Amino acid sequence: MADELEQIEIGFEERLEEINNWLRKKGYEKYKEARSLAEEESREDPETDPFKSKYKARKILSDLKAELVPLLDDQIPSEKAKILTAALDYQIGQNYIETEELSTGEELIKSCINTLVEYRLDQRNSSIYLHALNELGILWSKRGDSEKALGFLQDAERLYHSYTKEKGSCCPYDIHELFYPEDNFLSDDERERAFSATFTHTLYYLAQVNAALGHSRKGAMYCHTTLHRQLETKWYDPVDWAVNCATLSQYYITQENYMLARHCLACSSCVFSEAEETATVEAVSDNDSQEERERKERIPQRKADISRCWSKYCLDVLRTSRDRCVQELTSPDQNDEEQKTEQVTSDDRARNEESTEEGDTREPLRFESLEVTSLEQSVPDHLIKSYDEARVLFLEGQKWLNISKQFYVLDGHVTNHVEIIQDLSQLYKLLSFFDEDFDRRCKMHKRRVDMLSEVLIELNPQHYLLVCRQLMFEIAEAYSDMADLKIAIVEESGGRPTAHSVKKINALINQSIKFFKSFIDSMKNKGALPETFAEDTVRPALVAHFYVARLYSKLICFDKHLKVDNLKRSLEIYQYLVKYCDSHPGVSDTAFKQEIGVSREMAQLLPFKMDKLLTSES
């Protein structure tokens, strides 16, 4: 028995020496050549043969694997040969995925995982195993199966924490290190940085997959942790980091956590400004390839994107502040301001605790290594009530949108350009809410009309029908708001409206009716409206009719017959709305719930009002 064990031990030693000799004579150099082909020379491959170098790399790696097969003797199995084979399976599998042969690549990476599962906490293998799990998570995410992707990425997260807990400072080999000569092994610090960077990628993918699954809070938590780790290790692309941090701010905005949203935006601008200073922004030429064009546009485009995130912050604080003010006016029994402030603080604290409750990814919520105080102080991080505070948010939002507009010009970026103009319009609309000067508010709405009309004129409705509809509707609303303000000015004066005032008010009302009708007419097919509006257009279509009906009744007429004619137009529209909702019962319960009650009431009252007008004395 002892002799047999001795022979097996000798066999192991001989097999191990055989593998080491193979590595020294051939393995190291051939693997190095394959890496050079895949990672460097492939960048220069022609468009007609984009995977030329990767195919060559695959051939070398496959040959290396074939040479290892005889060393996988069943009677005297070599652990090192198994590990090297699994490592090659991963590299070849990744090669297949990069060359768009996904199924074959997946099978090879699964083979790697199956081989290494019993060695997954081995110093030589944990990094490879983590990479393999990440790769499968990414693969299934791209296939649209986020649930399956999440499973692989959660396995990767557990592996990392298990290894660091059990092995402590004994850092795993780098993914390529098995094919390095021993005198060229990495230091412990280099290994730790590489392993940590791979896990940071795991967290990044977990953020993407959780977001795709609708797990917004978890997605934001993983994103925040990823950004924090990247900043600490300094292993990140500053432009990508800045964009991701600005994007994260948009989640905090939806939670009304303006303190963290503002902090993320300030950090994004801080990091991006450093990248912008060192970048050479070259002019884009018509002769550039698509890849070259994208590279040159990267800095200005990302600057525009980050600026839009800032503007969304300003818009949301203004909008939410307005809504809260309206709520307070309509619900006077609400708690006083001190209680509300306390509740907001409590909510923020709860969110902070919620964001750090995952013990495995606990990180500070602020990026303390960045000094961003001045950027943060440019806008408030709380709901506002005064015109002065609203104006600060307006001016900042306007500034950021104008920066975005420099890149997203109408010629070539129609959708983005129009959205920027619409956001500018909303800034004016929201600022007007906080302004008590009616004349100044009218001018703000006039500015909205001008900027929206300027864009509408440039668009072809055949190509941009939905965008044109949005613009027509908003222009109509702005004219209606102006008319209401002019009426309010007359009523505030307490006197009879002058001929000039009447002419102005009626002109504004007619302009509003004109654009609402243009919006409605855009939905006609062969001159007639559809019997049933599409789900995404039913509310705006009915609301547009509703507004037109109300506008006709607001026209100021001293001739009772003209007044009756206008009321008839209103009545016809209200009757149409009642008839539509009666024949589409679900609509009045959802899309048109608030307005249908008024429409039914007016359809009953207006005939009596018209009779009264006609029978009254002149």
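Biologist: Is the crossing of α17 and α19 left-handed or right-handed?

Modeller: This is a predicted model, where local features need pLDDT of at least 70, side-chain atom pairs count only at pLDDT 80 or more, and totals for chains, interfaces and linings use all residues. Residues are numbered from 1 along each chain as its sequence is written, and side-chain values use heavy atoms, leaving out hydrogens and water. Helices are DSSP runs of H or I with at least four residues, numbered from the N terminus. A crossing is left-handed if the near helix is turned anticlockwise from the far one by less than a right angle, and right-handed if clockwise; that of α17 and α19 is left-handed.

Biologist: Are α17 and α19 roughly parallel or roughly antiparallel to each other?

Modeller: Helix α17 (residues 465–493) packs with α19 at about 30°, the axes being 12 Å apart. Axes are lines fitted to C-alpha atoms, for helices over the stretch in contact, and angles run from 0 to 180 degrees between N-to-C directions. Angles under 35 degrees count as roughly parallel, over 145 as roughly antiparallel, 65 to 115 as roughly perpendicular and the rest as oblique. The two helices are therefore roughly parallel.

Biologist: How are α18 and α19 oriented to each other?

Modeller: The axes of α18 (residues 499–521) and α19 (residues 538–554) come within 9 Å. They cross at roughly 155°. The pair is therefore roughly antiparallel.

Biologist: Which residues of α18 meet α19?

Modeller: Contact means heavy atoms within 4.5 Å. On the α19 side, the residues include P540, A544 and Y547. On the α18 side, they are I509, S512, I513, F516, K517, F519 and I520.
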